[in-house]
Amino acid sequence: MSDDRQFMQQALNLAAATAALASPNPQVGCVLVRGEKVIGEGAHLFEQRDHAEIAALKHAAAKGHTVGGATAYVTLEPCSHHGRTGPCADALIAAGIARVVVGTQDPNPLVSGQGIVKLRDAGIQVTIGVHEQHARNLIEAFAHFIQHGTPFVTLKAALSVDGKLAPPPAARTGTQPFWLTGPAARAEVQQLRHSTDAILTGIGTVLADDPALTDRTGLPRRRPLLRIVLDTHLQTPIHSQLVRTAKEDLLILCGTGVPTQRITSLELAGAQVEVLPEHNRQISLPAVLKLLGQRKLLSLLLECGSRLNGAFLTQNLVDKAVLFYAETELGDHAIPFAQGIASPFLFEQSLTRVNRTSFGPDACVTGYLHDPWISTPSIEIR
């Protein structure tokens, strides 16, 4: 069992290295082992089509190894159906693999378990659940998306030690950024951005901070991080950082009744503009998630102000929260974490699977509001 964990960890490391390269497919790694020797390995990259198992089989062949009788360590159950490629379960059977160790079953309720059944029916020994939670965490966005058709939503916020989001407006100077957290926490935020398909903020944040909302890790991506602004009345300035740097990676969502010439001017400047239905004079958030799902965006990171944080939370549309706490105190008149939420400390009590860590002097609390592996009713479009 210790060897199984060791080799599965290698497969998980391969999968983790494909962040931003596999979506909209899941991150998957595979290691082929004979005896104690790795004879092939591979990970799924969407552009190269091959699933991890096929990549590993090809790698072994290129090194001159035969794979008959080998063990395959795969982070996700081998597929049993035809998609962009043929079934990986069939490929492992045809290659003469003797044993398959699986991190976790496929979260797709229509196919989950079928690959395992096919392997066992062919006489292959199958072991399931090695490093299962790690394997599930790696593809939580895919697990959510494959069941609901909408992105997995993570709310990120940097907060003061007294639970505030930013100083009161009167204390701000222009659109200069106000940094609550230190370099280590901000570097972790860049990793969060890198691992997500899209990032969303509201027009209030754009006008107050003029953010760029870019992935500054320098790591490769298959497709650009989509930067999204919720802007009911289409007030996004042409001269904002977002518009000036737009390269098919800026989506501005507005409500009905916006002047056509305003839409045209932003589109000519490089932004994409979509009109969505409104609810209570604001853009419908479920309609936003539906649109992003149609674009096959698996994950969405919220970097919003107090109003939008509150709207997403009170409508039960957030799946995971990542809260950074700085040592700075902002006082009673500072901007709250989320409108309609009494305090982030009370909010934390609603989280499950809570993890507490630190980045430099800043504390970080991560937890879930919804289990991405459990199917829940679809969101209502309002």
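**Ground rules**

I'm working with a predicted model, where local features need pLDDT of at least 70, side-chain atom pairs count only at pLDDT 80 or more, and totals for chains, interfaces and linings use all residues. Residues are numbered from 1 along each chain as its sequence is written, and side-chain values use heavy atoms, with hydrogens and water left out.

**Entry 1**

I began with two helices, since two packed helices are described by the angle between their axes and the distance between the axes. My helix and strand labels are DSSP runs numbered from the N terminus (helices are H or I with at least four residues, strands are E with at least two). Axes are lines fitted to C-alpha atoms, for helices over the stretch in contact, and angles run from 0 to 180 degrees between N-to-C directions.

How far apart are the axes of H2 and H3, and at what angle do the helices pack? I got 9 Å and about 30 degrees for H2 (residues 52-62) and H3 (residues 88-95). That makes H2 roughly parallel to H3. The cut-offs are under 35 degrees for roughly parallel, over 145 for roughly antiparallel, 65 to 115 for roughly perpendicular, and oblique for the rest.

I noted the crossing of H2 and H3 as left-handed. That word applies if the near helix is turned anticlockwise from the far one by less than a right angle, and right-handed applies if it is clockwise.

Next I listed who touches whom, with contact meaning heavy atoms within 4.5 Å. Glu53, Ile54 and Leu57 of H2 meet Cys88, Ala91, Leu92 and Ala95 of H3. By class, the contact of H2 with H3 has 6 nonpolar residues, no polar ones and 1 charged. (Ala, Val, Leu, Ile, Met, Phe, Trp, Tyr, Cys and Pro count as nonpolar, Asp, Glu, Lys and Arg as charged, and the others, Gly among them, as polar.)

**Entry 1: what else H2 packs on**

I checked burial here: buried means under 20% relative accessible area, exposed means over 50%, and partly exposed is in between (1.4 Å probe, protein chains only). The buried residues of H2 are Ala52, Glu53, Ile54, Ala55, Ala56, Leu57 and Ala60. They pack against strand S1 (29-34), strand S2 (37-43), S3 and H3.

I followed up on Ala43, which lies in strand S2. Leaving out residues up to four places away in sequence, Ala43 touches Leu14, Thr18, Val28, Gly29, Ala52 and Ala55. Ala43 and Ala11 are 32 residues apart in sequence, but 8.0 Å apart in space, C-alpha to C-alpha.

**Entry 2: H3 against H4**

I then looked at the other neighbour on my list, helix H4 (residues 114-121): the axes of H3 and H4 come within 9 Å and cross at roughly 20 degrees. That makes H3 roughly parallel to H4. This crossing is right-handed. Ala89, Asp90, Leu92 and Ile93 in H3 meet Gly115, Lys118 and Leu119 in H4. I sorted the residues of that contact into 4 nonpolar, 1 polar and 2 charged.

**Entry 3: aromatic pairs**

How many aromatic pairs are there in the whole structure? My search found 4. Rings of Phe, Tyr and Trp (its six-membered ring) pair if their centres lie within 6.5 Å; planes under 30 degrees apart are stacked, over 60 edge-to-face, and the rest tilted.

One of the pairs is Phe7 with Tyr73, tilted, at 5.4 Å centre to centre and 45 degrees between the planes. Phe7 sits in helix H1 (residues 2-16) and Tyr73 in strand S3 (residues 71-76), so the pair links distant parts of the chain, 66 residues apart. Phe7 and Tyr73 are buried.

I also noted Phe337 with Phe347, a tilted pair at 5.6 Å centre to centre, with 45 degrees between the planes. Phe337 is in the loop between strand S16 (335-336) and helix H13 (344-348), and Phe347 is in helix H13, so the pair ties together parts 10 residues apart in sequence. Both Phe337 and Phe347 are buried.

I spotted a cis peptide bond from Ser23 to Pro24, with omega near 15 degrees. Pro24 is in the loop between H1 and S1.

His131 isn't a glycine, yet I read a positive phi of about 55 degrees. Its loop runs between strand S5 (125-128) and helix H5 (132-138). Is His131 buried or exposed? His131 counts as buried because its relative accessibility is 18%.
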